[in-house]
Amino acid sequence: MKQITLEDIARACGVSKAAVSYVLNGRSGAFSVSEATTRLILSECERVGYRPDAAAQALARLKNAPLDLLFLSPWLYSQMSDFSTRVHAELQKAENVHVTFVPYERGSLKLTASQLKRCDAVIIAGTAPEDDRYLSRHRETFSKVVLLNRKIEGFPCAYGDDEAAAGRLGAMLRGKYGRFAAIQGKAPVSELKAARLRGFCAATGAQLMEEPDEVSGTCYFFTQYYDAALFMRGKTGIPGRIGVAAYDQHSTLCHFVSPSLTTIDPGLEEMTRNAVEAAKIIKNGGVPESKMTEGVIIPGESTLP
């Protein structure tokens, strides 16, 4: 039986002998051998039994190395949302994880090959429909991507039960007002926002509106906390004359809005933990599954008890 050589491994993997040597000696990072190539070399070494001790040690080093995450979000510089603050705080609790935060303009998401090459996995947050379409077009090449607080088929997603949670909120409010309206705004809505509207409308029979008409006896539902808070500013007769409820309790305004807003906490901390676990599975060569987090209704003073 022919003895396997370094050259055989290199030929089978389509790399140089030097690259194989770097990997087996734990120097792949210093010489810019990508993680994908490193795994390919180690897999081939394991398959043919070449230097099993060195291959096992290199594989252990790869598995024990810090998870190198790239986090992309349009909300990193938002002054009115504490989304990034809450996610950042949860990421800081994760062990053996290094995170690089990169902002992008809503609706202008771009992920380059060099960005993908330099990290173990990418977590992307955001809800713009344009960005959803961009991700859908590239789902085949974005195998390292995990989606946070959004759901697109073909990606591992850490997302909330937006439609069901909005339905539970609507069911809680049903019977307290004679009329319900769900505010969708004038701009196209993301799939998650559309799910929130569907859930609330199904539970209450709410009419879809671009903006509130301020009719007495109506409870208005907003898909975001910020929009509801702006609507409430300077209004009187809440919750008696009109009621106000919203999704997404991740706004700095929640500490100051009066009366306090009835809303839903989507569970960002749990979502973030699920996203990190998915990223770790990707790093180790696996295919993670999507995980849903159940939103929690936070009763406030903006709706009748």
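Are Phe-180 and Phe-200 buried or exposed? I began my notebook with this one, and I found that both Phe-180 and Phe-200 are buried. A reminder to myself before going on: this is a predicted model.

**Entry 1: the aromatic rings**

I looked up the ring pairs next, and the count comes to eight aromatic pairs. Tyr-177 and Phe-180 are one of them, with an edge-to-face arrangement, 6.4 Å centre to centre and 80° between the planes. I checked the burial here too: both Tyr-177 and Phe-180 are buried. Phe-180 also pairs with Phe-200, again edge-to-face, at 6.1 Å centre to centre and with 70° between the planes. I then asked where these two rings sit. Phe-180 belongs to strand E6 (residues 179-183) and Phe-200 to helix H9 (residues 191-204), so their pair ties together parts that are 20 residues apart in sequence. Finally I noted that Tyr-177, Phe-180, Phe-200 and Phe-221 make up one aromatic cluster.

**Entry 2: helix H7**

Which residues of helix H7 are buried? In this helix, which spans residues 129-137, I found Pro-129, Asp-131, Asp-132, Tyr-134 and Leu-135 buried. I wanted to know what lies over them. The cover includes strand E3 (121-125), strand E4 (145-148) and H9, and H9 is the helix that holds Phe-200 from my previous entry.

**Entry 3: Asp-248**

Asp-248 lies between strand E9 (243-246) and strand E10 (263-265). Is Asp-248 buried or exposed? Its relative accessible area is 5%, so Asp-248 counts as buried, the cut-off being under 20%. Its side chain makes a polar contact with the side chain of Arg-196, at 3.4 Å. I also listed its contacts, leaving aside neighbours within four places in sequence: Arg-196, Thr-223, Tyr-225, Thr-263, Ile-264 and Pro-266.

**Entry 4: helices H1 and H2**

My last stop was a helix pair. Helix H1 (residues 6-13) packs against helix H2 (residues 17-24) at an angle of about 105°, and their axes are 8 Å apart. That angle makes H1 roughly perpendicular to H2. Which residues make the contact? From H1 I wrote down Leu-6, Glu-7, Ile-9 and Ala-10, and from H2 Lys-17, Val-20 and Ser-21.

Key: Residues numbered from 1 in each chain as written. Heavy atoms only, no water. Axes fitted to C-alpha atoms, helices over the stretch in contact; angles between N-to-C directions. Helix = DSSP H or I, 4+ residues; strand = E, 2+ residues; numbered from the N terminus. Parallel < 35°, antiparallel > 145°, perpendicular 65-115°, else oblique. Contact = heavy atoms within 4.5 Å. Buried < 20%, exposed > 50% of the residue type's maximum accessible area, 1.4 Å probe, protein only. Polar contact = N/O pair within 3.5 Å; in protein donor to acceptor, adjacent residues only side chain to side chain. Phe/Tyr/Trp six-rings, centres within 6.5 Å; stacked < 30°, edge-to-face > 60°.
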